[in-house]
Amino acid sequence: MAIGGFFKEVVLPEQKSYGDSVLFPAVLSPTINTSFTVFEEAIKAEMPWLDSLLKERGAILFRDFPVTSPSDFNDVVEAFGYPEAPYIGGRASRTQVIGRVYTANETPPDKRIPFHHEMAYVPDYPSKICFYCEEAPGSGGQTPIVLSHIVYDKMKERHPEFVARLEEHGVTYIILTGDEDQPSSSTGRGWKSAYNTDDKKVAEERAAKLGTRLEWMGNAAKVIAGPMPAIRFDKESQRKTWFNNLTGPVHGSRKIHDKGAFAELGNGEAVDDDIMEDCMRILDEECAIIPWKKGDVMLVNNLTVLHAREPLLKPPRRVLAAICK
Ligand code: FE2
């Protein structure tokens with residue numbers, strides 16, 4: 001299918017199919033051999049359609065477009081036209097590459113990053129994430145994505161009582177953080193860099209703006225976020241989403257979380273390990289895992305789609321990201 005003469009929707013074997021063969025994610029390719037400038041202009045011209053496609057399908061993978069550098073990717077992000085979202089309060093260590101483009105996450109690439117909505121634990125979470133594959137993985141290192149409302153529906157069907165308690169009490173995230181960054185951990189961002197200050201009072205004020213409290217333990221801080229809603233109602237799609245980090249780096253399961261970062265229900269109740277395991281099974285069953293190809297750009301609706309990172313089995317891999325309001 002060609003749209004506006006420039007974009008055509010293509011089918012990949014790894015896409016998920018729902019209902020009347022609605023494919024997730026949408027994958028677009030150029031209809032003709034094209035230059036970067038033409039691609040950029042086409043995005044700007046077709047943005048109302050691209051935006052509605054994103055809302056309808058949750059994610060769009062742009063494949064085989066001539067995006068050859070982080071600077072090109074920055075221009076693509078600008079062409080989308082979504083305002084930039086700050087990374088204040090984010091937990092991962094990230095480094096600016098150019099303009100709005102950052103390294104995606106600096107945790108060791110051989111470690112899996114579990115499913116999460118980006119920054120679901122702060123009130124100002126980004127609504128979109130753009131990924132760019134600068135260097136394709138040798139093997140592994142994919143970025144699985146899953147439709148959040150499907151996870152909610154399945155969880156409600158399989159664990160109605162737990163989901164009712166979760167909707168009633170919400171969730172609280174507790175993260176122990178040092179003063180300096182520890183890039184080896186996905187939640188290893190130190191408070192100085194997370195709040196962009198080395199003044200404890202200023203950090204407390206900035207944390208409060210993000211709906212979090214800091215408890216000091218020497219130079220380390222216990223960051224307490226919540227209680228906050230764990231289920232979000234997406235007005236656009238009129239669906240409830242599994243908008244939380246219970247299976248993310250700040251895990252609900254006591255078996256899985258590292259002692260420095262975990263989640264509990266808003267009333268202090270521990271989350272059931274077996275239920276979390278089942279939730280991870282649902283995520284694995286329902287996700288789409290498309291291997292990265294050099295030059296890929298993936299636009300993800302962070303309000304309706306969770307993402308993860310598979311372990312890298314064979315280097316290299318360089319995937320960059322930009323987040324939008
Ligand atoms: Fe992420």
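Predicted model: local features only at pLDDT ≥ 70, side-chain atom pairs only at ≥ 80, totals over all residues.

Me: Fine. Where is Arg57?

Reply: Arg57 is in helix α1, residues 36–57. Helices here are DSSP runs of H or I with at least four residues, strands are runs of E with at least two, and both are numbered from the N terminus.

Me: Is Arg57 buried or exposed?

Reply: Arg57 counts as buried, at 9% relative accessibility. Buried means under 20% relative accessible area, exposed means over 50%, and partly exposed is in between, with a 1.4 Å probe and protein chains only.

Me: Which side chain does Arg57 pair with in a polar contact?

Reply: The side chain of Glu9, at 2.4 Å. A polar contact is a pair of N or O atoms within 3.5 Å; within protein, one must be able to donate a hydrogen and the other to accept it, and residues adjacent in sequence count only if both atoms are side-chain atoms.

Me: What else does Arg57 touch?

Reply: Leaving out residues up to four places away in sequence, Arg57 touches Val22, Leu23, Phe24, Ala26 and Leu147 as well as Glu9. Contact means heavy atoms within 4.5 Å.

Me: And Asp51, buried or exposed?

Reply: Asp51 is buried, with a relative accessible area of 18%. Asp51 is also in helix α1, and with residues up to four places away in sequence not counted, it touches Tyr82 and Lys128. From Asp51 to Leu61 is 10 residues in sequence and 13 Å in space, C-alpha to C-alpha.

Me: Next topic. How do α1 and α2 pack?

Reply: Their axes are 8 Å apart, at an angle of about 20°. Axes are lines fitted to C-alpha atoms, for helices over the stretch in contact, and angles run from 0 to 180 degrees between N-to-C directions. α1 and α2 are therefore roughly parallel to each other. Angles under 35 degrees count as roughly parallel, over 145 as roughly antiparallel, 65 to 115 as roughly perpendicular and the rest as oblique.

Me: Which residues meet there?

Reply: Phe36, Phe39, Glu40, Ile43, Lys44 and Met47 from α1 meet Asp72, Asp75, Val76, Ala79 and Phe80 from α2. By class, the contact of α1 with α2 has 7 nonpolar, no polar and 4 charged residues. Ala, Val, Leu, Ile, Met, Phe, Trp, Tyr, Cys and Pro count as nonpolar, Asp, Glu, Lys and Arg as charged, and the others, Gly among them, as polar.

Me: How many residues of α2 are buried?

Reply: In helix α2 (residues 70–80), 8 of the 11 residues are buried, so it is largely enclosed by the rest of the structure. Among the buried residues are Phe73, Val77 and Phe80. Gly81 follows α2 and has a positive phi, near 85°.

Me: Now α3. How does it sit against α4?

Reply: α3 and helix α4 (residues 160–169) have axes 5 Å apart, at an angle of about 120°. The two are therefore oblique to each other. Tyr152, Met155, Lys156, Glu157 and Arg158 of α3 make the contact with Pro160, Phe162, Val163 and Glu167 of α4. These residues divide into 5 nonpolar, no polar and 4 charged.

Me: What about α3 and α7?

Reply: The axes of α3 (residues 148–158) and α7 (residues 273–286) come within 10 Å and cross at roughly 140°. That makes α3 oblique to α7.

Me: Last topic, the backbone. Where are the cis peptide bonds?

Reply: One joins Gly226 and Pro227, with omega about 0°. Pro227 is in strand β15, residues 220–228. Another joins Pro315 and Pro316, again with omega about 0°, and Pro316 lies in the loop between β21 (312–314) and β22 (318–324).

Me: What is the phi of Asp64?

Reply: Asp64 has a positive phi of about 70°, although it is not a glycine. Asp64 lies in the loop between β6 (59–62) and α2 and is partly exposed, with a relative accessible area of 44%.

Me: And Asn196?

Reply: Asn196 is not a glycine but has a positive phi of about 55°. Asn196 is in the loop between α5 (191–194) and α6 (200–209), and it counts as exposed at 63% relative accessibility.

Methods. Residues numbered from 1 in each chain as written. Heavy atoms only, no water.
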